[in-house]
Amino acid sequence: MLSAPVTPGGTIGILGGGQLGRMLALAAARLGLKAHVFSEENDAPAFQVSATQTYASYRNADALKKFAQACDAITCEFENVPAETLELLAQITPVNPNAQALATTQERFEEKTFVSGLGLNTAAFLAIDSVERARTAFAELGSRKAVLKTRRLGYDGKGQTIVTSADEAAAAFDLFKGAPLLLESFVDFAFEASVIAVRSADGAFAAYDPPENDHSEHILRRSTVPSRLNSEQSIEAKAMARKIADALDYVGVLCVELFVCADGKLLVNEIAPRVHNSGHWTIDACLVSQFEQHIRAVAGWPLGSTERHSDAVMENILGEEARDWQALVARGGALHLYGKSDIRPGRKMGHITWLKPKAAAR
Ligand code: AMP
């Protein structure tokens, strides 16, 4: 817990140096705060825009101690921070979100058990620890299709495969080389949406209008606000995020990814304990972006408005698309490039946001 807010001129430590860390550092700078970025990559995009940089392993105790001593508050831009790293940092400087929130959301089985324990809907899911269990679990779920997922370290669809029979589930088990798995019913959703929400240490809560998210090959392609959710569903989605944030005693921005079913039902797919790609449009379409909200929350400042002044469409720039940067600049919209020199297939290189005058609420 912070005993007092970080004052302007203070330093926010950011563990992780990707584009999320970069946009957090930029938001901190706008508030007169300095960012100290700690990354395992020596050409981390967030290094380019931060006041101080540490290039070291997340397991380097000496480097972590020096980092913590140099910061007034610490946060992370990714969820898979080793538990010992957080423990060490938290002994010296306040770290948010808290270690328990990260632990719960790092592990898909624990996460889904936690979410359903709150009375929120998820796809049916079962833990898988053997080939035989993969086979029987498929039958037990009773759905035509299921998704076999690793319990840890999955993102952008990495570590998951669709199976359509008990035999396929058993065969897929071996693909994951004995890693703990989860089998979950395939949800034939109408569309996907997410809630970008923020909670402060004193329990204040705010959420943006939920964007609708289009994925291609499991990678987010586009986020659109307003979404096709009606106003009751938006209120319900925000209330779900609040229930989750309160139960985790969460401080900072979190994202709750949802499947929206044809009958209107909302299922929680995943919780991201951090700023999220589906909230990048808030930089250009809101007075206070998700990045600034996160910095405010971890610095112990009052939250800002989540009001959207415009309708928005955000599109990711992936892999090779970034090569033609001149065409991207010429497309109009607000262009954000992340300063990554190395282009790899599917890598998030930047995004563009287009704005339109805000339409009347549905
Ligand atoms: P995840 O890594 O679990 O967030 O999954 C990435 C994407 O895969 C989701 O955004 C969905 O598009 C798809 N997906 C994951 N799980 C399911 C499921 N149970 N049913 C249908 N699609 C899924």
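This short talk goes from the whole chain of a predicted model down to the ligand and then to one histidine.

Before the details, please keep in mind that residues are numbered from 1 along each chain as its sequence is written, and that side-chain values use heavy atoms, with hydrogens and water left out. Because the model is predicted, local features need pLDDT of at least 70 and side-chain atom pairs count only at pLDDT 80 or more, while totals for chains, interfaces and linings use all residues.

Let me start with the chain, which has eleven helices and 17 strands, where helices (H or I, at least four residues) and strands (E, at least two) are DSSP runs numbered from the N terminus. Its C-alpha atoms fill a box of roughly 60 × 50 × 45 Å along the principal axes. The radius of gyration is 20 Å, which agrees with a compact globule, because 362 residues packed that way would give a value near 21 Å; this radius is taken over C-alpha atoms, and the globule rule is 2.2 Å times the number of residues to the power 0.38. Of the 362 residues, 56% are buried, meaning under 20% relative accessible area with a 1.4 Å probe and protein chains only.

The domain assignment, whose bounds come from an automatic or database source, gives domain 1 (11–95), domain 2 (124–185) and domain 3 (191–357). The centres of domain 1 and domain 2 are 35 Å apart, taken over C-alpha atoms.

Now to the ligand: which residues are closest to it? There are 17 residues around the ligand, and the closest are Lys149, Glu184, Val187, Glu192 and Glu270, where a residue counts as near if one of its heavy atoms lies within 4 Å. Domain 2 and domain 3 each give at least three residues to this shell.

Turning to polar contacts, which here are pairs of N or O atoms within 3.5 Å, a side-chain N or O atom of Glu184 is 2.8 Å from a nitrogen atom of the ligand. Oxygen atoms of the ligand lie 3.1 Å from a polar side-chain atom of Gln160 and 3.0 Å from one of Asn269. Taken alone, the ligand exposes 470 Å², and the protein buries 94% of that, with areas from the Shrake-Rupley method and a 1.4 Å probe. Two or more shell residues come from each of β6 (146–150), β8 (181–185), β13 (252–260) and β14 (266–272).

Finally, His276 sits in the loop between β14 and α9 (282–285), and His276 is buried, with a relative accessible area of 10%.

Key:
A polar contact is a pair of N or O atoms within 3.5 Å; within protein, one must be able to donate a hydrogen and the other to accept it, and residues adjacent in sequence count only if both atoms are side-chain atoms. Buried means under 20% relative accessible area, exposed over 50%, partly exposed in between (1.4 Å probe, protein chains only).
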